[in-house]
Amino acid sequence: MFFHNSYFTTHFGNLFFCSKISVFSLFDHQKSPFRYTQISNYVNVYMKWKKDPFFDSILHIHKSAELKPIIQLKNFIVNYPNGCIPISSVSKRGLEFDISIRVARFLRQYPSVFEEFRGEHNLPWFRLTPEAAEIDREEKRVLEECKEDLKDRLKRFVLMSKDKVLPLKIIKGMAWYLGLPERFLDDSKGDLLDESFRFVDMEDGLKGLTVESNGEKVLSTMQRNAIKNGVYFGGTLEGIEFPLFPSKGLRLRRKIESWLNEFQKLPYVSPYEDFWHLDPDSDFAEKRVVGILHELLSLFVEHSAERKKLLCLKKYFGLPQKVHKAFERHPHMFYLSFKNKTCTAILKEAYCGNSSIEKHPMLVVRKKYIRLVKESDRILKNRKINNRFIKHEKLEKGSDIDANSDDRTDIQAQEVSKSFR
């Protein structure tokens, strides 16, 4: 099968197309003998990043990084005897919780979540506020009720890797995005890690986690949605197109748009299929990269992730060195937000119209935590105002006392001068 394909690279917003001819066999399960021909002349087009206020204003996406250490400390307190901790138990563990300031100061920044009181030896202790404790109980209920959903997301995450095995450090590093509970790898009851999961030894002395799929075919989010829409029936992957959501005011040059239209017509490449037969410089390889990024973000709680975190997966997911360019090449699918001095990749489909992306069960809980965290700003502001008022009152009382004292002094002086007369 001959395929005349185009590929391109971007550099500081400049988009270059060039043509290349490669020969390779398509998927074994696609029996139809057809030929794809895509012709694209070399073209140099300036591709400017377009800011989208809508995606930059999604609170639970941009508060996720701030929320993570709060939840970690919350879990530490909950698991401590009596549900309260002395500050000495966490004061030197800032790095463990990814906190760059003194832990005591960090805890005091969120009075709506952490309540401070004086404990043994008159030292500061902390416990959860009643509101935080209530959300924690709800979180535990959700984790219990949705453990099958979480198990499925973890399985799909592992099965997307090229060898169907991932180092434990990689899984732990992405656990926050997947919405997995802390210490899920130490699950002795088997609630989350059932008999289908196995711990294995990997190269470089790493411990890994693999999944026994027993030959069962794994369907991606794109395939599941295509079945719902009557586009896919389990056979060839033609006709499955990525949903596109152009940002307001974002217009692509005609030749880029033409390339994207042809790209959409190519058969979908499942992120769970073997990819050894794909030419790395072909549009089919690009289709697989985009499919993996789409599937990853579909699995995550906020359907977004810091771009640098996704780049850590390159080695184990068989992604190209410049995988980050895929986000720039497909602005109708992904949005790159640079808010909070970090680059966050967002799956547009999850937030546009009647999204067919399944909501993560932990999203509702995290939104409640974020609303509670925001209350801390109000509490601290009120405290500041009250402190100013109290200080002002003390100053006024002090000036009144001084004035009265001066009056008494003047009277005494007058009486003394009269006595001398």
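Counting rings of Phe, Tyr and Trp (its six-membered ring) as a pair if their centres lie within 6.5 Å, the count comes to 11 aromatic pairs. One of them is formed by Phe55 and Tyr335, with 5.4 Å from centre to centre and 25 degrees between the planes, and this pair is stacked (planes under 30 degrees apart count as stacked, over 60 as edge-to-face and the rest as tilted). The pair links distant parts of the chain, since Phe55 lies in helix H1 (residues 53-56) and Tyr335 in strand E12 (residues 334-337), 280 residues apart; helices (H or I, at least four residues) and strands (E, at least two) are DSSP runs, numbered from the N terminus. Both Phe55 and Tyr335 are buried, a term that means under 20% relative accessible area, with exposed over 50% and partly exposed in between (1.4 Å probe, protein chains only). Ring pairs also link Phe54, Phe55 and Tyr335 into a cluster.

The model is predicted: local features need pLDDT of at least 70 and side-chain atom pairs count only at pLDDT 80 or more, while totals for chains, interfaces and linings use all residues. Residues are numbered from 1 along each chain as its sequence is written, and side-chain values use heavy atoms, leaving out hydrogens and water.

A charge sits over a ring if NZ of Lys or CZ of Arg is within 6 Å of the ring centre and within 35 degrees of the ring normal.

| Charged residue | Ring | Distance from ring centre |
|---|---|---|
| Arg288 | Phe275 | 3.6 Å |
| Lys359 | Tyr351 | 5.6 Å |
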